[in-house]
Each structure stands twice: as structure tokens, then as C-alpha cells.
Amino acid sequence: MINRKATAVWKGTGKEGTGTVSTQSTVLENTQYSFNTRFAEGKGTNPEELIAAAHASCFAMKLSFELNAAGFTADELNATATVTLDPAKGQVTKSAIELKAKVPSVSADEFAQIADKAKKECPISQLLNAEITLNAELLS
């Protein structure tokens, strides 16, 4: 089993308080987050942005493995995940992945099947209880 850790510290009320998040790898270390970074446009990060980063990176890596298993190697996989938070429901409702990929020798149909499999089997996709969409573009 592989375990990864992150720690969040919050001080104050939900709206006026502030928090920091740190990761085991120290890539994030006391990185600021707050009500404004989550629900408006403040400086710092927020949980949904971190989920989007996790989903985009997990999907790109999973797609690379799936392409390799099918005999292809990507020149580049550029994945952007947009996570949607519905404040009225208080839940993440969607993660939309936009992908631009350069993969020599793969047909469009083969690529679409492999990308869809990666979308479904990426560990972060499996973790999310939300709609997950994929718009994949194979570049020449």
C-alpha cells in the first residue's frame, strides 16, 4: 500500500478565517486558502483546485500507461481538469477533463477508446462521486 499525506490547518470562522495546507512532499508548505480563494477570487488555493490538479495529473499518467499497454507512446498529453462545486448543494458535482494529445501512429478511434478507459480507471476518477466528462483531441 502507498500512503500520501496532506495537512490542513484552519483558524477562525468559515467566512473570515484562514487556513494553510501542506503536503508530505513539501511541494505545498503552509499554502494559504480561505473563503475568498474558494468562493471568490483570492490569492491562494482551495480544495477544488487541488482536486482538479490531482485529477488532471492522475488521468494523464493513467492514459500514458494505457497507451503504452496498447503499443503507443505519447509525445505529449496536456490534460486540464475543471472541477465544479455547487455551493447550494455543498458538493462537487463534476470534473471535466480537456485533453490535447500528440500520439504518433494511433488512430482516432483507438485513441478515443484508450482515453475513455483511462478516464474511467484513473484512481482519482474512481474516488470522485461526480459526473466525469472527457473532451479528447488528438493532434497531428
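**Pockets and a helix face**

Reply: Happy to, and do keep in mind that this is a predicted model. To start with the second largest pocket, its lining residues divide into seven nonpolar, one polar and one charged.

Me: Which helix gives the most to the lining of the second largest pocket?
Reply: This pocket holds about 240 Å³ of space. H2 and H4 each supply at least two residues of its lining, and among the lining residues are Ala-53, Met-61, Phe-65 and Pro-123. The most, seven residues, comes from H2.

Me: And for the largest pocket, where does the largest share of the lining come from?
Reply: The largest pocket has a volume of about 670 Å³. Arg-4, Lys-5, Ala-6, Thr-23 and Ala-54 are the closest to its centre of the 23 residues that line it. Strands E1 and E2 and helices H2 and H4 each supply at least two lining residues. The largest share, six residues, is from H2.

Me: How far apart are the end C-alpha atoms of helix H3?
Reply: H3 has 14 residues, 108-121. At 1.5 Å a residue they should span 20 Å, and the distance between the end C-alpha atoms agrees: 20 Å.

Me: Within what arc do the buried residues of H3 fall, seen down its axis?
Reply: The buried residues of H3 are Phe-111, Ile-114, Ala-115, Ala-118 and Lys-119. They line one face of the helix, because seen down the axis they fall within an arc of 140°.

Me: Which residues are exposed on the other side of H3?
Reply: The buried residues of H3 pack against H2, E5, H4 and E6. On the other side of H3, the exposed residues are Asp-109, Gln-113 and Lys-120.

Conventions: Residues numbered from 1 in each chain as written. Predicted model: local features only at pLDDT ≥ 70, side-chain atom pairs only at ≥ 80, totals over all residues. Heavy atoms only, no water. Helix = DSSP H or I, 4+ residues; strand = E, 2+ residues; numbered from the N terminus. Expected span 1.5 Å × (residues − 1). Buried < 20%, exposed > 50% of the residue type's maximum accessible area, 1.4 Å probe, protein only. Arc of directions from axis to C-beta. Contact = heavy atoms within 4.5 Å. 1 Å grid on protein atoms, 1.4 Å probe; cavity = no way out; pocket = protein on both sides within 12 Å on 5 of 7 lines; lining within 4 Å. Points joined across faces, edges and corners; volume = space filled by probe spheres on them. Nonpolar A, V, L, I, M, F, W, Y, C, P; charged D, E, K, R; others polar.
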